[in-house]
Amino acid sequence: MKTDKIRFLVFAMNDPKFLLSVLKSLDLDDRIEYKSLLFLHNKKSQCKISDVEDLEIIRDKKVLKSRLAKDDYDVVYFFSMVDVWWKILDYIPKNKKIIWWAWGYDLYDVQARGLKPLIKLPLYKTNTLKLLHHTLWGLKERVRTKLLEYTLGLYYGALRKHRMYRIDYIQPVFSLEYEYIKGLNLSNFKALPFYILLQIQKTDFLLSQRNPNGSIILGHSAQITGNHLDVFADIKKYIPMGREIVIPLNYGRMDYADIVKKVVVTQGESMNIKILDKFLPLDEYHNLLKNCSYAIYGAIRQQAMGNISWAIRQGIKVFLYKDSMIYKHLKNCGIIVYAIEEIDEKSFSTPLSKEELEINMNAKMQELKDRAVVYDKVMNQLLNEL
């Protein structure tokens with residue numbers, strides 16, 4: 001029997017920070033009704049999500065298996081697919097559709113149990129590579145990773161390979177990632193692209209030119225893939241005297257954060273550097289950056305896209321490495337961003353012009369329209385098949 005509603009089961013693990021935003025997006029489509037499920041596999045884990053109504057929390061795998069076998073949903077929307085989740089696919093009846101929101105961790109990183117990345121990129125620049133190859137910290141990191149890759153990683157790699165056919169739709173953060181995965185010619189990969197609706201309007205964009213002497217933000221977190229040491233080395237001689245540099249290191253790897261702080265404080269002794277090492281609510285974080293005119297991100301893989309998208313809407317001038325997936329994607333969309341390799345004495349005294357702000361707004365809105373077309377096509381397919 002045909003239906004006018006698609007029943008989503010939004011399946012998350014360990015308090016993902018984007019759960020509420022996804023549920024709000026699903027609320028935009030009256031063809032969808034949903035339930036949200038949180039699986040806490042660690043007995044000591046606590047649910048930190050307080051503003052999601054009717055959140056079903058499960059801690060036992062047997063209970064989870066029983067819950068997924070129920071016939072009260074049509075689609076499972078997975079938040080990420082970490083290594084252990086490929087086994088969980090076995091609990092889901094074959095007639096259910098599966099959507100996988102592929103995070104950067106899923107695609108580019110060696111995961112906690114040694115599962116190798118799907119998209120293999122040279123993630124690290126020169127100074128970060130030295131940190132990994134010429135320090136005791138880096139040696140321990142590489143040995144740990146290799147041991148995991150050749151033990152647990154072999155099992156989970158085979159599991160992913162043989163379960164990939166269960167994925168019906170994949171939601172990359174941007175379209176270039178889907179093309180990369182398709183280009184791998186994985187024998188079991190048949191997933192079609194999917195993009196969730198986003199609540200972004202033209203009124204969300206600031207079109208007034210920012211202060212030429214505004215502060216500079218470097219990176220978004222304490223993740224080694226941010227290549228902080230390389231970015232700082234590449235830009236420090238071009239930063240005007242007294243200009244504030246904000247470096248967020250308040251989540252991620254705290255041992256890596258300590259290394260970055262030591263290097264930056266030593267090399268930038270006479271510079272106006274502000275290290276963020278305490279967690280701030282999103283509103284406070286954005287308020288802190290209201291005087292920011294320039295943002296620099298050293299990630300080569302997809303990372304910090306929420307921060308970068310916000311910076312673009314705020315009219316902030318964004319710099320990325322030329323070989324970055326993010327740089328290539330934004331350029332493909334027609335969004336004006338700048339290359340870290342081309343930073344010079346004028347880079348931090350010339351914010352985006354009003355014309356450039358308009359171009360970025362229109363390009364971003366076009367990207368969202370293109371994503372909405374894909375989304376609507378998938379929704380119609382699902383309705384026709386139910």
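This is a predicted model: local features need pLDDT of at least 70, side-chain atom pairs count only at pLDDT 80 or more; totals for chains, interfaces and linings use all residues.

Strands of a sheet pair through backbone hydrogen bonds, either parallel or antiparallel.

**The six-stranded sheet**

A further open sheet consists of six strands, ordered β10-β9-β8-β11-β12-β13, with parallel pairing. Strands β10 (272-276) and β13 (338-339) have a single partner strand each, so one side of each is left without a neighbour in the sheet. Four bridges join the parallel strands β11 (residues 292-297) and β12 (residues 317-320); the bridge partner of Ile296 in β12 is Phe319. Helix α9 (residues 228-235) lies across β8, β9, β10 and β11, running at about 145 degrees to β8.

**Helix α7**

Which residues of α7 are buried? They are Gly153, Tyr156, Leu159, Arg160 and Arg163. These residues cover an arc of only 125 degrees around the axis, which puts them on the same side of α7. They pack against α3 (85-88), α4 (104-108) and α6 (136-149). The face turned away from the buried side carries the exposed residues Leu154 and Lys161.

**Aromatic pairs**

A pair of aromatic rings is described by the distance of the centres and the angle of the planes. The structure holds 17 aromatic pairs, including the two in the table.

| Pair | Centre distance | Plane angle | Geometry |
|---|---|---|---|
| Phe79 and Trp103 | 6.2 Å | 75 degrees | edge-to-face |
| Phe319 and Tyr338 | 5.9 Å | 45 degrees | tilted |

Phe79 lies in β4 and Trp103 in the loop between β5 and α4, so their pair ties together parts that are 24 residues apart in sequence. Phe79 counts as buried at 2% relative accessibility, whereas Trp103, at 22%, counts as partly exposed. Ring pairs also link Phe79 and Trp103 with Phe18, Tyr77 and Trp101 into a cluster.

Phe319 belongs to β12 and Tyr338 to β13, so this pair ties together parts that are 19 residues apart in sequence. Phe319 is buried, with a relative accessible area of 2%, while Tyr338 is partly exposed at 27% relative accessibility.

Note on methods
Residues are numbered from 1 along each chain as its sequence is written. Side-chain values use heavy atoms; hydrogens and water are left out. Two strands pair if DSSP finds at least two bridges between them. Helices (H or I, at least four residues) and strands (E, at least two) are DSSP runs, numbered from the N terminus. Contact means heavy atoms within 4.5 Å. Axes are lines fitted to C-alpha atoms, for helices over the stretch in contact, and angles run from 0 to 180 degrees between N-to-C directions. Buried means under 20% relative accessible area, exposed over 50%, partly exposed in between (1.4 Å probe, protein chains only). The arc is that of the directions from the helix axis to the C-beta atoms. Rings of Phe, Tyr and Trp (its six-membered ring) pair if their centres lie within 6.5 Å; planes under 30 degrees apart count as stacked, over 60 as edge-to-face and the rest as tilted.
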